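Welcome to a short tour of one protein model. Please take a look at the sequence and the structure, and then we will walk through a few places together.

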Amino acid sequence: MNQNSKKILLLLTLFSGFCSSLLAEENVTHFSAEENGKNSVSENGGHKWWNDIEYTFRAGYAIGGTIPVDFPVEMRGLNSYTPKFNYRFSLNARKQLNKNFSLETALIFERRGFKSDVTMKHYQITLEQGGEKVTGPFSGNVVINAVQTGITIPINAVWHLSDKVSLKAGPYVSFITDKNFHGYAYGEKVYDAAGNWTGHFDAYIRRDEIRGEKIEIGNVYVDANGNQVDKRGTFSGEEYNDFMAGFQYGVNVGCDVMLSKKWGVFADLSYGLNSAFTDEPGNPVTMSLHPLYFTLGAIYRLK
């Protein structure tokens, strides 16, 4: 059993134990009600356990990204960050266990993506420039575009603070159906003391290793003949997408606030426990990157 499987097993075992304790409490409550001659679910012959499940439809917008667990020494700065249009739609089902607790699951369809510009130093990467691919340590700026679309299924324990406010937490699993990771590396122009461009850029990649051939990485510019020249180094395609994990798992916490009988708002925070990229040999992404997203949205109670 690999390390990821052990994490999943431990997470599900702990959560199953917690849910079992809630179910046991519900059974005790029902038993006490019967002893006292009160109405109970078991005394209502026409009542089924699924009759009191609450269904809600939710729509939200997420802000976040795929971040390293520990920021590596190669990362020297974040120059910019822009979230994509990260939508989220879900159908949630919640079963009341007792006055204070419920269990909830959902079928979530979501898109998670971002664009970032970071400064790196000696970052191991594979770049393509002028039709040639070069692998080695890169120093300069890297623009990353990442998008993942898929289905997420959480199992949450819900704590009701009141009739209108509830908190929830639990594990989730995600099945990624569409994935796209691409971007480019670039450098800034280098100027002389008089303020004139020297024709060079400050970014470069070393072929294979730190003492390898130095290859300059530039940007898009117009040469003396009026032609547009692109000296950036790009990375994209199946070389990266194939190494994005199709199965992801993690934990999430959230808060629901009902504003009326039918309408409410919610806030969720989710964190992936496994990397968005696999650790298979040949993976060009050397950092362990984990999804972290904060979602705000609206609730409509169906039943």
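Strand 5 and strand 9 run antiparallel and are joined by two bridges. Strands here are DSSP runs of E with at least two residues, numbered from the N terminus, and two strands pair if DSSP finds at least two bridges between them.

Before going on, a word on the source: this is a predicted model, in which local features need pLDDT of at least 70 and side-chain atom pairs count only at pLDDT 80 or more, while totals for chains, interfaces and linings use all residues. Residues are numbered from 1 along each chain as its sequence is written, and side-chain values use heavy atoms, with hydrogens and water left out.

**Around strand 9**

Phe138 has Ile205 of strand 9 as its bridge partner. Ile205 is also bridged to Ile215 in strand 10, and Tyr204 has Glu216 of strand 10 as its partner. Strand 9 (residues 203-206) and strand 10 are antiparallel, with four bridges between them. Strand 10 (residues 214-217) has two faces: Ile215 and Ile217 are on the covered one, Lys214 and Glu216 on the uncovered one.

The table uses relative accessible area: buried means under 20%, exposed over 50%, and partly exposed in between (1.4 Å probe, protein chains only).

| Residue | Relative accessible area | Class |
|---|---|---|
| Asn145 | 10% | buried |
| Ala169 | 33% | partly exposed |
| Ile299 | 0% | buried |

Asn145 belongs to strand 5 (residues 132-160). Which residue's side chain does Asn145 join through a polar contact of 2.9 Å? The partner is Lys84. A polar contact is a pair of N or O atoms within 3.5 Å; within protein, one must be able to donate a hydrogen and the other to accept it, and residues adjacent in sequence count only if both atoms are side-chain atoms. Leaving aside residues up to four places away in sequence, Asn145 touches Lys84, Phe114, Lys115, Asn180, Phe181 and His182, where contact means heavy atoms within 4.5 Å.

Ala169 sits in strand 6 (residues 165-186). Its C-alpha is 4.2 Å from that of Val253, although 84 residues separate Ala169 and Val253 in sequence.

Ile299 is found in strand 16 (residues 289-301). Beyond residues up to four places away in sequence, Ile299 touches several others, including Thr56, Phe57, Asp256, Trp263 and Phe266.
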